[in-house]
Amino acid sequence: MQLGQLALLVLLSSIDRQIHGQTLAALGAQPDIRYRLSQLLSILGFVRQGLTLSMAARMALPDEPEGVVYRPLRPAIPRRVGLAVRDPQRLSPAAAAFMAMARRVYPG
């Protein structure tokens, strides 16, 4: 099924709606958005019931629940990941280790 043929689409946050809306518009797709939910588990419940399709960042998704199938978008939608801290000089050892790991995994 092509994106322009989607009958139903569930989107997460306002940021996701903006990103997905721009991406879908660039592809010439105009889905009929019937639901706007903010809870990922609720969205997956709608998908599992066969009520809708949804787009979400793969990093935000749990392992595929029974009755739900994940498919990558083609072309892929790039996303930037950011970290915010109040004072990088006052991080706990665990937070500093996490930040170092995040910088290795997501350079730039």
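Biologist: Into how many nonpolar, polar and charged residues does the lining of the second largest pocket divide?
Modeller: The model is predicted: local features need pLDDT of at least 70 and side-chain atom pairs pLDDT 80 or more, whereas totals for chains, interfaces and linings use all residues. Residues are numbered from 1 along each chain as its sequence is written, and side-chain values use heavy atoms, without hydrogens or water. A pocket is an open set of points on a 1 Å grid over the protein atoms alone, where a 1.4 Å probe fits, with protein on both sides within 12 Å along at least five of seven lines; lining residues have an atom within 4 Å of a point. With Ala, Val, Leu, Ile, Met, Phe, Trp, Tyr, Cys and Pro as nonpolar, Asp, Glu, Lys and Arg as charged and the others as polar, the lining holds 10 nonpolar, two polar and two charged residues.

Biologist: How much space lies in the second largest pocket, and which residues are closest to its centre?
Modeller: The volume is the space filled by probe spheres set on the points, here about 320 Å³. Of the 14 lining residues, the closest to the centre are Val81, Gly82, Leu83, Ala102 and Tyr106.

Biologist: Is threonine 52 buried or exposed?
Modeller: Threonine 52 is in the loop between helix H2 (40-48) and strand S3 (53-54), where helices (H or I, at least four residues) and strands (E, at least two) are DSSP runs. Its relative accessible area is 6%. Under 20% means buried, over 50% exposed and in between partly exposed (1.4 Å probe, protein chains only), so threonine 52 is buried.
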